[in-house]
Amino acid sequence: MSYIEIKGLFKTFGDRRAGGVLALDNIHCSIAEGSFVSVVGPSGCGKSTLMRIIAGLLDYSEGSVVMDGQPIRGTRRDVGVVFQSSILLPWRTILENVMLPAEVLGLDLKAARERAMDLLRLVRLEGFEHKLPRQLSGGMQQRASIARALLHDPKILLMDEPFGALDAMTREQMNLELQRIWAESGKTVILITHSIPEAIFLGDVVFVMTPRPGTLERVIPVRVPRPRRMEAMGTPAFAEVADQIRELFDHTGSFD
Ligand code: ADP
Ligand code: MG
């Protein structure tokens, strides 16, 4: 079943006749419930814009964006968001950070605390709940951010280059963790990434965007069996998808 349905979506920043920027140009796509969608594309092609629209954080100019049968208008409770740099509050403990959405949304704090502890186990941070963010590594902070994004039990998790600041080893570890969290939580996940291998490793499909400007160039299915292990990256099925993506970027210009 299609959980998100986007039709004829345009987004212009500013007045187009007066030098405004066309950031999204006629996007059509549908996203199945419970699926994992990776989004790749050169810098400035509109990935974050698309994500912010789906999150209800940004208005769009034309088209329709429907989630779970309802047009998106403003922020909604069934969405959780993780950004590139973890935006944990430095003076709050990990548990207090994960609890933040409960305070903002006015949820029952006792129930939220129990859920926060469960989520900290899910992201393997049990024992660190009373530490401050600076006492944790970058990867651990990002895992805490994921737990926080899941606190209010959203149906969909949106992630905008969440592992960009991590070293390669930690990043691989986070990819394995995210695959497990996705499989165990049953959420629909949209992951924006600069890494083609990361996009393929995690995605059921890869959305390839190009700057022409802001077009969704291709939706490529990834037919690599799950659960995937890092070794899957060396298989022909994996290489074939990577080649398809690189070819699209060769045709349409730069990729950073
Ligand atoms: P990406 O995430 O793929 O790097 P963005 O979605 O951030 O790209 O940006 C797409 C285009 O829209 C870029 O040309 C960018 O400069 C422009 N843009 C993004 N946000 C704004 C804004 N608030 N005001 C004006 N232009 C913007
Ligand atoms: Mg971006």
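Helix α1 gives the largest share of the shell around ligand 1: three residues. This is a predicted model. The account below starts with the ligand and then turns to the sheet.

**The ligand shell**

The residues around ligand 1 are F13, V21, A23, P42, S43, G44, C45, G46, K47, S48 and T49.

| Residue | Protein atom | Distance to an oxygen atom of ligand 1 |
|---|---|---|
| G44 | backbone N or O | 2.7 Å |
| G46 | backbone N or O | 3.1 Å |
| K47 | polar side-chain atom | 2.9 Å |

On its own, ligand 1 has 560 Å² of accessible area, and the protein covers 60% of that. Two elements, β2 and α1, each give two or more residues to the shell.

**The sheet**

Which order do the four strands take? They form an open sheet, β2-β1-β4-β5, with antiparallel pairing. Strands β2 (21-32) and β5 (70-71) stand at the edges. Each has a single partner strand, so one side of each lacks a neighbour in the sheet.

Strand β4 covers residues 62-67. Two bridges join β4 to β5, and the two run antiparallel. Within this pairing, M67 of the chain stands opposite Q70 in β5.

**The helix on the sheet**

Helix α1 spans residues 47-54 and packs on the sheet. There α1 touches β1 (2-13), β2 and β4. The direction of α1 makes about 120° with that of β1.

Conventions. Residues numbered from 1 in each chain as written. Chains lettered and ligands numbered in written order. Predicted model: local features only at pLDDT ≥ 70, side-chain atom pairs only at ≥ 80, totals over all residues. Heavy atoms only, no water. Pairing = 2+ DSSP bridges. Contact = heavy atoms within 4.5 Å. Axes fitted to C-alpha atoms, helices over the stretch in contact; angles between N-to-C directions. Near = heavy atom within 4 Å. Polar contact = N/O pair within 3.5 Å; in protein donor to acceptor, adjacent residues only side chain to side chain. Areas by Shrake-Rupley, 256 points an atom, 1.4 Å probe, with all protein chains shown as cover.
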